[in-house]
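Please load the model in your viewer and keep the selection panel at hand. We will go from stop to stop, and at each one I will say what to pick.

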Amino acid sequence: RLDPTGCPVSANAAAFDPFTGPYQEDPPGSLRWSRDEEPVFYSPKLDYWVVTRYEDVKAVFRDNITFSPANVLEKITPFNDEANAVLAKYNYAMGRTLVNEDEPAHMPRRRALMEPFTPPHLAQHEPMVRKLVRERVDSFIDRGKAELVDEMLYEVPLTVALHFLGVPEEDHETLRKYSVAHTINTWGRPAPEEQVAVAENVGKFWQYAGEVLEKMREDPSGPGWMQYGIRLQPQMPDIITDSYLHSMMMAGIVAAHETTALAATNAIKLLLEHRTLWEEICADPSLIPNTVEECLRFAGSIIAWRRVATKDTEIGGVKIPKGAKLLIVNTSANHDERFFDNPDELDIRRENASDHLSFGYGSHQCMGKNLARMEIQIFLEELTKRIPHMELVPDQEFTYLPNTSFRGPQHLWVQWDPAKNPERENP
Ligand code: HEM
């Protein structure tokens with residue numbers, strides 16, 4: 001079997017399947033062979049070129065002209081006609097937001113919309129995040145057992161995301177219902193019989209996002225990021241387009257919500273699996289910020305991202321034809337020993353932990369990274385302070401939504417002895 005440039009495809013490359021098997025079990029470990037032997041390979045099952053070493057992944061992120069992000073929100077699995085007809089019925093038209101926008105349109109839009117992400121603006125959200133987390137912990141602290149995803153880690157980032165975007169409270173419930181469909185629609189491999197149901201939810205999500213946006217337009221005075229964009233639109237209609245606003249209203253929820261929920265879940269699971277590290281941060285909370293970086297490196301929530309080559313080019317010496325679609329595996333880069341010493345060791349004092357590529361790199365690097373960091377830090381601060389004796393419920397099975405890019409366990413059970421809660425012993 002040959003790749004599109006006429007070179008033979010290796011057995012490992014031919015076997016690569018990101019929707020099942022080794023990649024789903026241990027994404028960075030499943031690509032060790034590639035980092036060592038074939039760091040850029042063509043996957044016939046996916047029809048993507050896969051890039052796995054740190055320097056190569058970073059180089060692709062850095063050059064958004066040669067490697068366009070135009071395909072970032074495309075369906076990785078094309079839908080059947082019936083599912084496409086459902087999407088058409090809802091006038092589904094996910095377009096360019098920021099993450100999938102090319103230059104020269106991208107940078108002026110990113111600059112125009114940056115202010116709400118700056119430190120003074122983000123600081124305004126901190127008391128709300130703290131309050132939400134404390135209330136969730138209050139709800140289960142005396143119980144001695146909790147499923148952290150359903151009871152806190154899903155909920156809080158969603159509420160924060162909706163507040164950040166400026167979605168009116170009364171619409172939170174409906175948007176919450178639809179948002180997971182977007183992940184499967186974009187990064188999953190739904191079976192043909194599932195595709196219609198996914199398309200229904202995606203279509204409804206799209207339609208509802210449009211209605212919420214219209215409501216915001218009637219009174220765009222609120223503090224949300226969407227209202228900020230709506231207010232700018234009359235001054236720069238070519239930069240803040242209607243298509244941008246509608247697409248971001250939908251994609252923004254997923255960008256801000258699932259990413260953060262999954263990253264927090266990964267971090268707590270990892271630290272409880274490395275008990276001595278958990279105890280170290282309980283004893284010294286000043287370690288938490290770097291711990292968050294190290295957890296994002298070790299088990300980030302976006303494990304692979306996409307690009308498309310705009311001309312014939314090369315990555316790490318491998319010829320890539322114009323039009324080639326790339327899967328750039330950030331989690332593999334984050335476990336590349338050519339860049340990180342002992343990459344498979346969780347080291348909360350690692351000096352270069354924040355060089356991870358979990359937020360991407362370069363001109364599209366995640367705009368919400370500091371909001372996400374704040375949320376994960378607050379989760380860890382509150383849990384280590386209030387339930388330091390918490391442990392994972394033994395022998396639980398972790399399940400993951402099969403897809404290329406969004407990674408984190410769907411449930412995380414923890415337990416502790418409430419009689420030993422520090423607040424009871426030391427009220
Ligand atoms: C872009 C990851 C949280 C908003 C991105 C990209 C990644 C990413 C990989 C693409 C970067 C690139 O192409 O170089 C994450 C992770 C998060 C997170 C792992 C949580 C742990 C958030 C939050 C928000 C947000 C909370 C919003 C409040 C955005 C936006 C972009 C983006 C607007 C597009 C930036 C651009 O293209 O210029 N994020 N993200 N993200 N993210 Fe995040």
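Buried means under 20% relative accessible area, exposed over 50%, and partly exposed in between, with a 1.4 Å probe and protein chains only. This is a predicted model, in which local features need pLDDT of at least 70 and side-chain atom pairs count only at pLDDT 80 or more, while totals for chains, interfaces and linings use all residues. Residues are numbered from 1 along each chain as its sequence is written, and side-chain values use heavy atoms, with hydrogens and water left out.

**Stop 1: an aromatic chain**

Select phenylalanine 340, which is buried at 0% relative accessible area. (Rings of Phe, Tyr and Trp, the last by its six-membered ring, pair if their centres lie within 6.5 Å; planes under 30 degrees apart are stacked, over 60 edge-to-face, and the rest tilted.)

The search of the whole structure gives 15 aromatic pairs. In one of these, tyrosine 54 and phenylalanine 339 are stacked because their ring centres are 3.7 Å apart and their planes are at 10°. Tyrosine 54 belongs to helix H5 (residues 54–62) and phenylalanine 339 to the loop between H18 and H19, so the pair ties together parts 285 residues apart in sequence. (Helices are DSSP runs of H or I with at least four residues, numbered from the N terminus.) Tyrosine 54 is buried, at 1%.

**Stop 2: charges over rings**

Stay with phenylalanine 340 and show arginine 297, which lies over the ring face at 5.1 Å from the ring centre. Then try lysine 145, over the face of tryptophan 413 at 5.4 Å from the ring centre. (A charge sits over a ring if NZ of Lys or CZ of Arg is within 6 Å of the ring centre and within 35 degrees of the ring normal.)

**Stop 3: the iron**

Which protein residue donates to the iron atom of the ligand? Select Cys366: its SG, 2.2 Å away, is the single donor from the protein. (Donors are N, O and S atoms within 2.8 Å of the metal, or 3.2 Å for Na, K and Ca; water is not among the atoms, so sites may look incomplete.) Cysteine 366 sits in the loop between helix H18 (330–334) and helix H19 (369–386).

**Stop 4**

Zero disulfides, meaning cysteine sulfur pairs within 2.5 Å, turn up in the whole structure. For cysteine 282, the closest cysteine sulfur is in cysteine 295, 13 Å away and therefore too far for a bond. Cysteine 282 is partly exposed at 22%, whereas cysteine 295 is buried at 3%.

Conventions. Helix = DSSP H or I, 4+ residues; strand = E, 2+ residues; numbered from the N terminus.
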